[in-house]
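This report describes the aromatic side chains of one protein model and the charged groups placed over their rings.

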Amino acid sequence: MKICFLYGGQGSQKMGMGKDFYDNYPIFKDFYESINLHFDLKEYSFEKSDEEIAQTQYTQPIMVAFQIGITKILNEKNIFPSIVGGLSIGEYSAFYASNILTDKDAMKIAEKRGLAMAQNSKMKCKMMAIIGADETLVRNTCEEISEKGEYPVEISNLNCPGQIVIAGEENAVDEVVSVLKENGVRKALALKVSNAFHTSYMQSASEELEHIFKDIKFSKPIIPVGLNLDASIYSQDIYYEDKCKQIMVKQVKNTVHFGKELENIIKQDIDVFVEIGFSSVIKGFMKKVDPSKKVYEIYSVETLENFVKDMESL
């Protein structure tokens, strides 16, 4: 049986995340106890409000710690993926699962990336998910508003058919949304993030990542991993450390092609998909890409144990 682990991105965090795993699984607890960050991981993960953990400098390491911890539990139960993928910051959890990064280095990157992206922009930015719009219309509208204004608005995510995320300075994004609504687009949702991720606004964060990566080893993947940057599948056969690092330097400031990445992962004849994260975000994307695929969600002890029971019965 071929299993795919899919790791959620920023915006799918939730107050109290990981507390039940910490209380019930020693391997999860030991991992959390080994992590040293610029803030108390357990306090923020288990006690802080949704609003507090939505701040980028906290969200990214919280998400990666949670996802790696669950991966360790699954591996301990002899459940291993045949391929992995992650959305935005979730791609670093996928890199851990594929053996490109150690847990220590994945956490180091998540912490420093979160800080760099939080500090990157001096202006108020926002990200909006545009539902049911034509990509050409969205792209042309972003270019039109960008050309006549002071700040650019860009497509940051192509998540699935019918969902396009735009990002940029707050007022400029609102202007794009207004024009899109005049052209028949009915739905736009604000994301629970605090900056314009995966756009040119992240240039300095990209430069900071390039500096960080100089002291981190990127190993050959033992499990293929899907890439946000160009939706390709990365494996041992095409691995080059410097290329891998450059891909992740570019990933933070370029459009995420997650919908196409899911399509390419599906082509690998995967039997079971597992979303590690809250809010059914990737499950929702998968329904748009291929509604025939079953997606398990793991975000609590109960959901993990139900998944394990199902795997044992197959």
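## Charges over aromatic rings

In this predicted model, Lys72 is placed over the face of Phe31, 5.2 Å from the ring centre. A further case involves Tyr44: Lys48 lies over the face of this ring, at 5.0 Å from its centre.

## The aromatic cluster

Phe31 also belongs to an aromatic cluster. Its members are Phe21, Tyr22, Tyr25, Phe28, Phe31, Tyr32, Phe46, Phe66, Phe278 and Tyr299.

## Aromatic pairs

Across the whole structure, a search finds 18 aromatic pairs. One of them joins Tyr32 and Phe46 in a stacked arrangement, with 6.0 Å centre to centre and 5° between the planes. This pair links distant parts of the chain, since Tyr32 lies in helix H2 (residues 26–34) and Phe46 in helix H3 (residues 41–46), 14 residues apart. Tyr32 has 2% relative accessibility and therefore counts as buried. Phe46, at 14% relative accessibility, counts as buried because the cut-off is under 20%.

Tyr92 and Phe95 form a tilted aromatic pair, 6.3 Å centre to centre with 55° between the planes. The two residues are three apart in helix H6 (residues 90–97), so about one helical turn separates Tyr92 from Phe95. Tyr92 is buried, with a relative accessible area of 0%, and Phe95 likewise counts as buried at 0% relative accessibility.

Note on methods. Residues numbered from 1 in each chain as written. Predicted model: local features only at pLDDT ≥ 70, side-chain atom pairs only at ≥ 80, totals over all residues. Heavy atoms only, no water. Phe/Tyr/Trp six-rings, centres within 6.5 Å; stacked < 30°, edge-to-face > 60°. Helix = DSSP H or I, 4+ residues; strand = E, 2+ residues; numbered from the N terminus. Buried < 20%, exposed > 50% of the residue type's maximum accessible area, 1.4 Å probe, protein only. Lys NZ or Arg CZ within 6 Å of the ring centre and 35° of its normal.
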